[in-house]
Amino acid sequence: MENEKGLHTEHFLMKLIGGELESEPFTRTMCTRFPPEPNGYLHIGSAYAIHTNYTIAQRYKGTFHLRFDDTNPLKENIEYVNAIIEDIKWLGYDPGAHIYYGSDYSEEICKAAISLIKQEKAYVCDLSPEEVTEYRGTLTEPGRNSPYRNRTVEENLELFMNMKNGRYPASSKVLRA
C-alpha cells in the first residue's frame with residue numbers, strides 16, 4: 001500500500017500479525033476464512049474482506065477457506081452460493097477444495113450446546129428479540145438477567161431437544177450462553 005506521499009506502507013493487519021509472529025512464532029499453518037451467508041450477492045465490503053483474508057493466507061503460506069453460513073435455510077439459495085463462488089474467482093482468488101458449509105458442523109455444534117447446558121453455562125431463553133434488547137441494558141443502565149436463566153439442567157436439555165426437533169415456532173426460543 002502507498003500513503004499520500006507515495007511511500008510504501010504495510011497494511012495494519014500485516015503489522016499486527018508480524019508483531020505476533022515475532023513475539024510468539026506460530027508453528028501451525030495459518031488459515032483465514034470468508035464466511036458469507038448465501039442470502040444475497042456480494043458487495044464492495046465483501047470484496048475487501050475476500051482480498052484481505054486471501055492475501056494474508058498467501059503471504060503467510062496458509063490456506064483460505066470459503067465457509068458458507070448456511071444455517072438459515074429459509075433465506076438461503078443455491079443461486080447465491082454459485083454467484084459468490086463465481087465472484088471470488090472473478091476477483092482472482094480460488095478457494096479450491098476449501099469450500100465448506102456451517103451446516104456441515106451441525107452435529108458438533110449440537111453436542112457442544114448440550115455440553116454447555118450440562119455445565120450450566122447455557123440455557124434456553126424465551127425472551128422475544130425486543131425483550132432481549134430491553135434486558136441488555138445501555139451505556140448508562142446495567143442489563144438484567146433473563147427470567148429463564150435459572151432453569152434446571154434437565155429442563156434446559158428437554159427444551160433444547162424440542163428446539164432441535166422443531167417443536168417450537170422459529171425464533172420463539174434461543175440457546176444463550
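**Helix packing and aromatic pairs**

In this predicted model, the axes of helix α4 (residues 106–118) and helix α6 (residues 153–164) come within 9 Å and cross at roughly 160°.

**Exercise 1.** Classify the relative orientation of α4 and α6, and describe their contact.

*Solution.* Two packed helices are described by the angle between their axes and the distance between the axes. The crossing angle is roughly 160°. Angles over 145 degrees count as roughly antiparallel, and α4 and α6 are therefore roughly antiparallel to each other. Their crossing is right-handed. On the α4 side the contact involves E107, C110, A113, I114, I117 and K118, which meet V153, N156, L157, F160, M161 and K164 of α6. These contact residues divide into 8 nonpolar, 1 polar and 3 charged.

**Exercise 2.** Classify the ring pair of Y41 and Y80, and locate both residues.

*Solution.* The whole structure contains 4 aromatic pairs. For Y41 and Y80 the ring centres are 4.9 Å apart and the planes stand at 80°. Planes over 60 degrees apart count as edge-to-face, so this is the class of the Y41 and Y80 pair. Y41 lies in the loop between β1 (31–34) and α2 (44–59), while Y80 is in helix α3 (residues 78–90), 39 residues apart. Y41 has a relative accessible area of 48% and is partly exposed.

**Exercise 3.** Are Y54 and F64, which form an aromatic pair, buried or exposed?

*Solution.* The pair is edge-to-face, with 5.2 Å centre to centre and 65° between the planes. It links Y54 in helix α2 to F64 in strand β2 (residues 63–68). Buried means under 20% relative accessible area. Y54, at 15%, therefore counts as buried, and so does F64, at 3%. Ring pairs also join Y54, F64 and Y93 into a cluster.

Key. Residues numbered from 1 in each chain as written. Predicted model: local features only at pLDDT ≥ 70, side-chain atom pairs only at ≥ 80, totals over all residues. Heavy atoms only, no water. Axes fitted to C-alpha atoms, helices over the stretch in contact; angles between N-to-C directions. Helix = DSSP H or I, 4+ residues; strand = E, 2+ residues; numbered from the N terminus. Parallel < 35°, antiparallel > 145°, perpendicular 65-115°, else oblique. Left-handed = near helix turned anticlockwise from the far one by under 90°. Contact = heavy atoms within 4.5 Å. Nonpolar A, V, L, I, M, F, W, Y, C, P; charged D, E, K, R; others polar. Phe/Tyr/Trp six-rings, centres within 6.5 Å; stacked < 30°, edge-to-face > 60°. Buried < 20%, exposed > 50% of the residue type's maximum accessible area, 1.4 Å probe, protein only.
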